[in-house]
Amino acid sequence: MKRVNLHLHQNLTVQIESQIEAWDREGVRHPNPEGAHLLWQKAEGLQYALRIHYAFKPEFDELVRAATTPASDRSL
């Protein structure tokens, strides 16, 4: 049986944050103002997704707990 990655939420958070930073940096260096604006909008969209990601962390933690706890222990 495959194990649930207990660090999945953290890994996803790091990946999203890294992409936001990359688009922000690229937007600053972009020679075309419209292109820079598009990159900043994409980063802004991911920032919104990250806020949602954090908002559902308690539910995510509960799902991971349920997936990693043996069925016999869940009834306690």
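## A partly exposed isoleucine

Ile-52 counts as partly exposed, at 35% relative accessibility, where partly exposed covers the range between buried (under 20% relative accessible area) and exposed (over 50%), computed with a 1.4 Å probe and protein chains only. This is a predicted model, in which local features need pLDDT of at least 70 and side-chain atom pairs count only at pLDDT 80 or more, while totals for chains, interfaces and linings use all residues. Residues are numbered from 1 along each chain as its sequence is written, and side-chain values use heavy atoms, with hydrogens and water left out.

Ile-52 is found in helix α2, which spans residues 33–55; helices here are DSSP runs of H or I with at least four residues, strands are runs of E with at least two, and both are numbered from the N terminus. Together with Tyr-48 and Phe-56, Ile-52 makes a nonpolar surface patch of about 320 Å². Patches are built from residues with over 30% relative accessible area and no salt bridge, with like charges joined within 9 Å and nonpolar side chains (Val, Leu, Ile, Met, Phe, Trp, Tyr) within 5 Å.

## The chain as a whole

The protein chain has four helices and zero strands, and reading along the sequence gives the pattern α-α-α-α. Of its 76 residues, 18% count as buried. The accessible surface comes to about 6,000 Å², and 60% of this surface belongs to carbon and sulfur atoms; such areas come from the Shrake-Rupley method with a 1.4 Å probe, and for residues only the protein chains shown count as cover.

Among contacts (heavy atoms within 4.5 Å) between residues at least 6 apart in sequence, 55% join residues at least 24 apart.

The structure holds two salt bridges, each defined as a side-chain nitrogen of Lys or Arg within 4 Å of a carboxyl oxygen of Asp or Glu. In one of them, the side chains of Asp-61 and Lys-57 meet with an N to O distance of 2.9 Å; both residues lie in helix α3 (residues 57–68), four residues apart, which is about one turn of the helix. Asp-61 is partly exposed, with a relative accessible area of 35%, and Lys-57 is also partly exposed, at 31%.

Arg-65 forms a salt bridge with Glu-62, the closest N and O atoms being 2.7 Å apart, and this pair, three residues apart, likewise lies in helix α3. Arg-65 counts as partly exposed at 39% relative accessibility, as does Glu-62 at 40%.

## Around the end of α3

Thr-69 lies in the loop between α3 and α4 (71–74) and counts as buried, since its relative accessibility is 17%. The side chain of Thr-69 reaches the backbone oxygen of Arg-65 at 2.6 Å.

Ala-67 lies in helix α3 and is partly exposed, with a relative accessible area of 41%. Although Ala-67 and Leu-6 are 61 residues apart along the chain, their C-alpha atoms are separated by 9.9 Å.

Key:
Polar contact = N/O pair within 3.5 Å; in protein donor to acceptor, adjacent residues only side chain to side chain.
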